[in-house]
Amino acid sequence: MPLANLWNRILSWFRERNDRLQLVNDFNMAARQAWVAGYVPSCLKASISKGYSEYRHSFSRWMASGFRICVLSGAQLSKQDIKYIGEAILSNDTLVRQLVVLGWDTLEIHCDVGNYGCRWALKDHLRLGS
Amino acid sequence: MDCNCFGIIILLVAVIAFKRTKSKPVDNLDMLKQQAKEQGNVDFKNVINSAFNSKQLYDKLKVKCHPDRFPLDDEKNAIANDIFQRIKQNEHNFDELKKLKEEAEEKLGVII
């Protein structure tokens, strides 16, 4: 029984890992297509980062719990613009839930230029019961 | 050298065992996974569009559809009130804002 349990855990780990990579790839693909088609002025690039330990929740992954988005704009965006991009992402309930169940706890957004960015705790934007 | 490797392995096993002892609320996770599945796949195109384009559209819509612009016509005022509430709810949703724009143009006769 414990062996079967361990086997299930291993399978589950690989399945979740695959789902995480799939989500990141889907995001990057959509961002790339939108930028190439000219719908948006900057290209977004998602990646997995370490995350911020204070934002951990029950489903957080031990490591790599940050969903980092890099805005490839070629110039430093204002804090207001970065916040707006973050709010647009966090306002999508389905995406936030997907991120949480797949083990992410932190959303980070920064530009390719400059040295500051913003981060949010995903658990604060999880509207449960709605 | 072998002692060091053995020590590292013991440490790793201890850390993994410690992590395993922490019980996770699996029921809640399953519930959330179920909810996320029921809602379907994420519309990434809309998310990306909303991140850059919804602000301009929202700013235009909230000005053009404000109920105070229709003080004399009670019917239009009620429609504008309803549309305005939905605009505020969907501030970061570009697709919904586009639909509301069409609705406002049709029902309120405004040009946006």
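Which are the buried residues of H5(B)? Point 4 answers this.

1. Basis. This is a predicted model, in which local features need pLDDT of at least 70 and side-chain atom pairs count only at pLDDT 80 or more, while totals for chains, interfaces and linings use all residues. Residues are numbered from 1 along each chain as its sequence is written, chains are lettered from A and ligands numbered from 1 in the order in which they are written, and side-chain values use heavy atoms, with hydrogens and water left out.

2. Interface, extent. Chain B places 27 residues in contact with 35 residues of chain A (contact: heavy atoms within 4.5 Å). About 2900 Å² is buried between the two chains, and carbon and sulfur atoms give 72% of that; buried area is the accessible area (1.4 Å probe) that two parts lose on being put together, summed over both. Phe44(B), Phe52(B) and His92(B) supply 23% of the area that chain B buries against chain A, more than any other three residues.

3. Interface, make-up. Helices H1 (2-21), H2 (26-38) and H3 (44-64) of chain B each supply at least two residues of the side that touches chain A (helices are DSSP runs of H or I, at least four residues, and strands are runs of E, at least two, numbered from the N terminus). H3(B) gives the most, with eleven residues. By type, that side of chain B divides into eleven nonpolar, nine polar and seven charged residues; Ala, Val, Leu, Ile, Met, Phe, Trp, Tyr, Cys and Pro count as nonpolar, Asp, Glu, Lys and Arg as charged, and the others, Gly among them, as polar.

4. Helix H5(B). The buried residues of H5(B) are Phe94(B), Leu97(B), Leu100(B), Glu103(B) and Ala104(B) (buried: under 20% relative accessible area, 1.4 Å probe, protein chains only). Their cover includes H3 and helix H4 (74-89) of chain B. Just after H5(B), Gly109(B) takes a positive phi of about 70 degrees.

5. His92(B). This residue sits in the loop between H4 and H5 of chain B. His92(B) is buried, because its relative accessible area is 13%. Leaving out residues up to four places away in sequence, His92(B) touches Tyr84(A), Glu87(A), Ala88(A), Ser91(A), Ser50(B) and Ser54(B).

6. Chain A. Three helices and four strands are present in chain A, in the order α-β-β-α-α-β-β from the N terminus on. Of the 130 residues in chain A, 44% are buried.

Technical notes. Buried means under 20% relative accessible area, exposed over 50%, partly exposed in between (1.4 Å probe, protein chains only).
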